[in-house]
Amino acid sequence: MVFSSLVFISIFLPAVFLIYTAVPNLKFRNGLLIVASLAFYAYGEPVYVLLMIASSVINYVSARFAVKKDGSGNKAAVVIAVIINLGLLAVFKYAGFFAESINAVTGLSVPVPQITLPIGISFFTFQALSYVIDVYRGAVDVQRNYFKVLLYITFFPQLIAGPIVKYRDISEQINDRSQSVEKVALGFRRFICGLAKKVLIANAMGQTADAVFAADGSSLSIVTAWLGAIAYLFQIYYDFSGYSDMAIGLGMMFGFDFRENFNYPYGASSIQDFWRRWHISLSTWFKEYLYIPLGGNRKGNARTAVNKIIVFFCTGLWHGASWTFVIWGLYHGAFLLLEQYVPAIKKLPRVLGSIYTVIVVTVGFVMFRADTLSQGMEVTAKMFSGFNVSAASLSLALSQLTPWFILMLAAAVIGCAPLKGISQKLRVTTGSFAALSKKQLAVQALLFAAAFILLVWIILRLSGAAYNPFIYFRF
């Protein structure tokens, strides 16, 4: 089930929310969320819901053994948990990729297993693993109630596409949280904003990106290549940040507070700055559980460079079982090293730094989107050398530049700009409606009315639309 489906918006969410609100006891509320989350996942993955439950049991038991009787950490238990969790990823996500790579390098004919990828396995595996490691480190107390661990791992707002939530960030909320009119209202408005990002902007950009990347070589030129690259640049941002907005908003509606996952990444002034703003929950996960344990930047420049390359190799591989993702990760790692050894790049004027960053990110996402390495290199080459604009190329470009696409492209450009001053003036902290002035209340009322109109518009579009993918579901 996806958030941008009529089944979720019209049936699942209203039913779960109304029952949850009607039940005052927190224990029953937690139980309801567990049942709802399992049903949410089973709607699309009826078999693999058992895998997710098995993962939660394994990590619950591992965490119990991660603490010795004297209170010290049990390294053996953590090592076993890491092996099992990464083993699950290796089998279900990477087995086919490994077999194909071995065949390509050695010329052998190793059978390639055809295993359906469980939705969200990368997300819930990383969440569960972070819990075990944090227990071992003493960063959080071990949870002896299995169902609370199950709720943490399976909670449907962030289950299949993040953000990756650490147990220490919501452990107290599992045990004690409350709803309020303000929090529910703000959460629902945040959900609608994320839904609009996905349905209106990301879907419009995605159709153009798909058309360009599906075109043959004769239709590619500098015009179509850049059109497809820019369309995908905005598709992936509004698709994923929209999902994160919806997850954060849904969490608020049920009394949870999730950390932000994006902070205007296309306004970054360097690649290092970009990764402080893009998919924050993943970048911090790799920093805490891989980069720092490898030694971080504490063991000299050479070791720091190696550590960064390892981290970005894993970042690319985490996104998908394909060399296109690995190359994308190494590409970003290379630019981070370039900025480390050529500090003048990070000292560029803000405008030049932002232009440099957007160009690097845009080119990188071409390989991320490409179906094969050769396609990624072909589109990238056309972006900088495809000056022979054929009739087929011009026809493809003009067919995509519809009024709706141009309107959504303009919205995409405006929406990703770091308009912090305006957003801070419009933002309301949870529970603060009573402290607002009449003018501020009027502004909020207009925003809620606009959100309602937006929701109606989205539902109408969903009723007649067949194109509605979520990019990060494949990860």
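How many salt bridges does the count come to, and what do the residues that form them look like in their surroundings?

A: This is a predicted model, in which local features need pLDDT of at least 70 and side-chain atom pairs count only at pLDDT 80 or more, while totals for chains, interfaces and linings use all residues. Residues are numbered from 1 along each chain as its sequence is written, and side-chain values use heavy atoms, with hydrogens and water left out.

Side chains of opposite charge can pair when their charged atoms come close. A salt bridge here is a side-chain nitrogen of Lys or Arg within 4 Å of a carboxyl oxygen of Asp or Glu, and by this rule the count comes to 12 salt bridges. One of them joins glutamate 288 and lysine 166, with 3.8 Å from N to O. This pair links distant parts of the chain, 122 residues apart, since glutamate 288 sits in helix 11 (residues 280-294) and lysine 166 in the loop between helix 6 (146-154) and helix 7 (167-175). Helices (H or I, at least four residues) and strands (E, at least two) are DSSP runs, numbered from the N terminus. To describe the surroundings, buried means under 20% relative accessible area, exposed over 50%, and partly exposed in between, using a 1.4 Å probe and protein chains only. Glutamate 288, at 22% relative accessibility, therefore counts as partly exposed, whereas lysine 166, with a relative accessible area of 8%, is buried.

A further salt bridge is formed by aspartate 245 and lysine 197, whose closest N and O atoms are 2.7 Å apart. Aspartate 245 lies in helix 9 (residues 222-253) and lysine 197 in helix 8 (residues 181-214), so the pair ties together parts that are 48 residues apart in sequence. Aspartate 245 is buried, and lysine 197 is buried as well.

Aspartate 371 and arginine 369 also form a salt bridge, with their closest N and O atoms 3.7 Å apart. In this pair aspartate 371 counts as exposed, because its relative accessibility is 57%, while arginine 369 is buried, with a relative accessible area of 13%. Salt bridges that share partners also join Asp134, Lys166, Arg168 and Glu288 into one network.

One member of that network, Asp134, has a number that falls within helix 5 (residues 121-137). The expected span of a helix is 1.5 Å times one less than its number of residues, so the 17 residues of helix 5 should span 24 Å, and this agrees with its end C-alpha atoms, which are 24 Å apart. Because 15 of the 17 residues of helix 5 are buried, this helix is largely enclosed by the rest of the structure. Helix 5 is followed by glycine 138, whose phi is positive, near 85°.

Helix 9, which holds aspartate 245, also contains serine 244. Serine 244 is buried, with a relative accessible area of 2%. Contact means heavy atoms within 4.5 Å, and, not counting residues up to four places away in sequence, serine 244 touches Pro163, Asn261 and Phe262.

The nonpolar residues complete the picture. In soluble globular proteins, nonpolar side chains tend to be buried together. A nonpolar core is a set of buried Ala, Val, Leu, Ile, Met, Phe, Trp, Tyr and Cys residues joined through side-chain atoms within 4.5 Å. The largest such core has 127 residues, and those with the most contacts inside it are Phe8, Phe156, Phe254, Tyr266 and Phe365. Helix 9 gives the most to this core, with 15 residues. Phenylalanine 365 touches Tyr232, Leu233, Ile236, Tyr266, Trp278 and Trp328, leaving aside residues up to four places away in sequence. A second, separate core of 9 residues includes Val212, Phe213, Val379 and Met383.

Rings of Phe, Tyr and Trp (its six-membered ring) pair if their centres lie within 6.5 Å, and planes under 30 degrees apart count as stacked, over 60 as edge-to-face and the rest as tilted. By this rule the count comes to 60 aromatic pairs. The rings of phenylalanine 3 and tyrosine 243 are stacked, because their centres are 4.6 Å apart and their planes are at 10°. Phenylalanine 3 lies in the segment before helix 1 (6-22) and tyrosine 243 in helix 9, so the pair ties together parts that are 240 residues apart in sequence. Both phenylalanine 3 and tyrosine 243 are buried.
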